[in-house]
Amino acid sequence: MTEPAWLDASEARLWRTWVRLNHELMSALGAQLSRESGLSDADYAVLVPLSESADGVLQARDLREQIFWDRSRLSHQIRRMEERGLLAREPCPDDARSSMVRITSTGLAAITEAAPGHVAATRRHVFDHLNDDDITTLTAIFDRLLTGLDHDTSGPTKVP
């Protein structure tokens, strides 16, 4: 068996910093959402693409693809959000095996109220610490890393 190509000290530091940043940033943004709007980060993740879609409706499969979730997670989240009146499920006219997910007026009001604070928190925690060159560089790096993941066939498959 071949010896793994272990991370050197600078790579390990970058990796651990990235893992911590990702965890702490998502925790801070989730806490802000919950505190200021009563929405969870999962609620927000579902409501954003619905609020941006034509007529506030998406096929469940398309919603899953936009938020990178598996079918089970989305199904459970939709059920919880339906119970709170944030969205409604409807039959899909083109595919009897699928359903359409529609944002309700309550859901639209919730995302409309939550978005300004969430954007302000995102700006405060991320973009206020970056200049235009940083944003350009990080975007290029993240795009390159995503391209590498898109071409990697050794790991889990993408959610259809």
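Helices (H or I, at least four residues) and strands (E, at least two) are DSSP runs, numbered from the N terminus. The model is predicted: local features need pLDDT of at least 70, side-chain atom pairs count only at pLDDT 80 or more, and totals for chains, interfaces and linings use all residues. Residues are numbered from 1 along each chain as its sequence is written, and side-chain values use heavy atoms, with hydrogens and water left out.

**Exercise 1.** Determine where D55 and F68 lie, and whether each is buried or exposed.

*Solution.* 
1. D55 belongs to the loop between α2 and β1 (57-59), whereas F68 sits in the loop between α3 and α4.
2. Neither residue is a glycine, yet phi is positive, at about 65 degrees for D55 and about 60 degrees for F68.
3. Buried means under 20% relative accessible area, exposed over 50%, and partly exposed in between (1.4 Å probe, protein chains only).
4. With a relative accessible area of 68%, D55 is exposed; F68, with 68%, is exposed.

**Exercise 2.** Identify which element gives the most to the nonpolar patch.

*Solution.* 
1. α1 (9-37) and α6 each supply at least two of the patch residues.
2. α1 gives the most, with four residues.
3. W15 is found in helix α1.
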